[in-house]
Amino acid sequence: MNTRTYDNPVVAGFHPDPSVCRAGDDYYLVCSSFEYFPGVPIFHSRDLVHWRQIGNVLDRPSQLHLPPDIPASGGIYAPTIRHHDGTFYLITTNVGGRGNFIVTAERPEGPWSDPVWIDLPGIDPDLTWDENGSCWCAFSGTQVARIDPAAGQMLEGPYQVWSGTGGKYPEAPHLFQVDGRWYLLMSEGGTERGHAVSIARARSPRGPFEPGPANPILTHRGTDRPIQSTGHADLVQAADGSWWMVLLGTRPRGYTPEFQVLGRETFLTPVRWEDGWPVVGPVEERHPAPAVWHPLAPEPSRDDFDGDALAPYWISPRDRPDGSWSLTERPGRLTLHATGPTLDRPGHTFVGRRQQHHDCRVTARLEPAPPGSEPAGSEPPGSEPGTAGLSIRMDEAHHYDLEVSGGRARVIARIGPLRQCVAERPVPPGPLTLTIDVRTRDILPPSVIGPVAGSPTQPTGVAARGPDTISFSAGDTLLAELDGRYLSTEVATGFTGRVIGMYATEGSACFDWFDYQATG
Ligand code: 6LW
């Protein structure tokens with residue numbers, strides 16, 4: 001008997017709106033990326049459980065232009081990936097940009113084509129083909145149109161076919177043909193705690209659609225389950241005939257109303273069919289594993305910047321201009337050149353990765369900029385970098401920074417309209433190891449309701465009622481410990497999660513290495 005299990009989430013950290021397809025024995029999964037460049041991370045798996053990022057679908061400015069005035073949580077929403085007739089198709093929306101577009105590739109790791117813009121309104125576009133080869137696009141909530149994906153034209157419709165069971169924001173439609181019937185999977189209730197997945201079926205993509213008898217087929221609303229906000233789902237049939245759902249969910253922490261700091265993550269849950277309808281149980285932290293099991297070697301926690309290209313998990317808000325970073329100016333180091341004077345506004349130089357674990361530690365080695373590495377016209381570098389450091393961010397208005405300049409290290413907290421330097425110390429000249437440590441130790445379980453933190457009956461950690469504590473050290477010196485709640489979706493708002501990275505806001509700086517460790 002197979003007693004193997006897998007753990008959820010299968011893709012941790014800010015990886016929402018998952019879409020999955022199968023090509024033979026290989027699976028490919030994509031997620032929303034919003035205002036970050038490159039866009040649409042793409043993952044590969046042989047078993048639906050173990051995923052490795054193989055690239056980003058939108059990795060060139062000709063595919064993805066995110067101008068500075070694109071707000072946080074604008075940009076790339078909810079892609080759908082499909083494999084049809086030997087070609088990979090991806091359809092998505094640039095919200096605040098030109099809208100919906102399709103890119104294609106022969107190989108999922110790329111290169112992907114430049115966009116074919118498509119004259120459809122709305123968000124969350126889907127793609128599927130009928131037995132005549134006609135291409136159908138479901139979008140928003142929930143319309144269906146026949147399109148020409150090569151020309152980007154709508155050929156028929158759109159038909160308003162179904163709006164769910166009455167929950168707010170019907171969205172995330174995906175159309176499937178199973179045993180001669182058309183199934184419309186969609187989400188409703190909003191992407192917050194009320195999120196739900198519903199289904200309807202029809203004989204034609206034009207409808208009429210008959211709602212499933214057990215809608216919503218999945219929701220965790222109103223439960224005390226550790227995984228919340230389950231929704232925005234996609235379905236895939238494995239090579240052995242079993243069915244699986246990928247979906248987004250959250251893992252909130254801390255005292256009521258609880259805080260979500262990792263953003264919306266990607267979960268996997270089994271699906272069975274009963275009386276012609278898909279049935280999905282609650283999404284557990286641990287499920288029986290699929291029949292095929294294909295674990296991957298652990299990825300190195302440390303990037304020594306020895307390669308000639310940045311690993312695909314490195315992302316930057318809106319843009320990463322060529323002149324702002326280099327792996328070759330000082331081989332074995334990531335050199336950053338400031339493009340903007342503050343992390344409080346778009347246009348700055350920042351290279352970061354998603355926080356993927358509730359407990360984690362980031363360390364990085366910051367070095368003085370090499371002589372002559374300054375952009376033309378700026379001051380020659382001294383023995384110290386300009387102004388550079390590590391930042392943990394939700395967006396331009398919500399970030400904590402550990403910064404070095406002028407022989408001093410400081411911790412800056414930007415929370416909404418407030419900006420404050422909360423600690424400052426002199427540091428020795430030369431290379432310096434910077435550490436951001438995120439830990440949930442000392443926090444209250446969500447179910448505990450009691451007097452305020454610090455009273456004799458409650459734990460006393462700074463984040464006793466928040467989701468976590470974030471501490472900042474330069475070398476061996478602890479500079480500050482801050483409550484993590486202010487870097488949560490509940491405070492910052494929006495669709496993204498925390499990103500931790502390296503930045504320069506004045507002059508230039510080098511990073512010898514960056515290490516991300518799960519510590520839970
Ligand atoms: C996405 C919508 C949603 O377009 O949130 O949770 C939006 N679902 O379907 C942004 O991720």
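Two strands are taken as paired if DSSP finds at least two bridges between them. Strand 15 (residues 171–178) and strand 16 meet this condition in the predicted model, pairing in the antiparallel sense over six bridges. Within this pair, F176 stands opposite Y183 of strand 16. The two strands form a hairpin with two residues between them, and here D179 takes a positive phi near 50°.

On to the neighbours of strand 16. Strand 16 is also joined to strand 17 (residues 196–202), by seven bridges, and these two strands again run antiparallel. In this second pairing, L184 stands opposite A200 of strand 17. Seven of the eight residues of strand 16 are buried, so the strand is largely enclosed by the rest of the structure. S187, which belongs to strand 16 (residues 181–188), is buried, with a relative accessible area of 1%. A polar atom of the S187 side chain lies 2.8 Å from the backbone nitrogen of H232.

H232 leads on to the ligand, as it is listed with D17, D124, T191 and R264 as the closest of the 13 residues that surround the ligand. By class, this shell has six nonpolar, three polar and four charged residues. An N or O atom in the side chain of D124 is 2.4 Å from a ligand oxygen, and for the side chain of R264 the corresponding distance to an oxygen atom of the ligand is 2.7 Å. A ligand nitrogen, in turn, lies 3.1 Å from a polar side-chain atom of E171. The ligand on its own has 290 Å² of accessible area, and the protein covers 98% of this.

For the chain as a whole, the secondary structure comes to one helix and 39 strands. The radius of gyration is 23 Å, close to the 24 Å that the globule rule gives for 520 residues, so the chain is as compact as a globular protein of that length. Along the principal axes, the C-alpha atoms fill a box of roughly 70 × 60 × 45 Å. Of the 520 residues, 59% count as buried.

Strand 8 (residues 87–95) and strand 9 (residues 99–105) run antiparallel and are joined by seven bridges. Here N94 stands opposite G99 in strand 9.

Most residues other than glycine have a negative phi, and most peptide bonds are trans. V40, although not a glycine, has a positive phi of about 60°. V40 is found in strand 5 (residues 39–45) and is buried, with a relative accessible area of 0%. S229 likewise is not a glycine and has a positive phi of about 60°; its place is in strand 20 (residues 228–237), and at 1% relative accessibility S229 counts as buried. Turning to the peptide bonds, the one from N8 to P9 is cis, with omega near -5°, and P9 lies in the loop between strand 1 (5–7) and strand 2 (19–23). The bond from G207 to P208 is cis as well, with omega near 0°, and P208 is placed in the loop between strand 17 and strand 18 (210–211).

Conventions:
Residues are numbered from 1 along each chain as its sequence is written. This is a predicted model: local features need pLDDT of at least 70, side-chain atom pairs count only at pLDDT 80 or more; totals for chains, interfaces and linings use all residues. Side-chain values use heavy atoms; hydrogens and water are left out. Helices (H or I, at least four residues) and strands (E, at least two) are DSSP runs, numbered from the N terminus. A residue is near a molecule or strand if one of its heavy atoms lies within 4 Å of it. A polar contact is a pair of N or O atoms within 3.5 Å; within protein, one must be able to donate a hydrogen and the other to accept it, and residues adjacent in sequence count only if both atoms are side-chain atoms. Accessible areas come from the Shrake-Rupley method with a 1.4 Å probe; for residues, only the protein chains shown count as cover. Ala, Val, Leu, Ile, Met, Phe, Trp, Tyr, Cys and Pro count as nonpolar, Asp, Glu, Lys and Arg as charged, and the others, Gly among them, as polar. The radius of gyration is taken over C-alpha atoms; the globule rule is 2.2 Å times the number of residues to the power 0.38. Buried means under 20% relative accessible area, exposed over 50%, partly exposed in between (1.4 Å probe, protein chains only).
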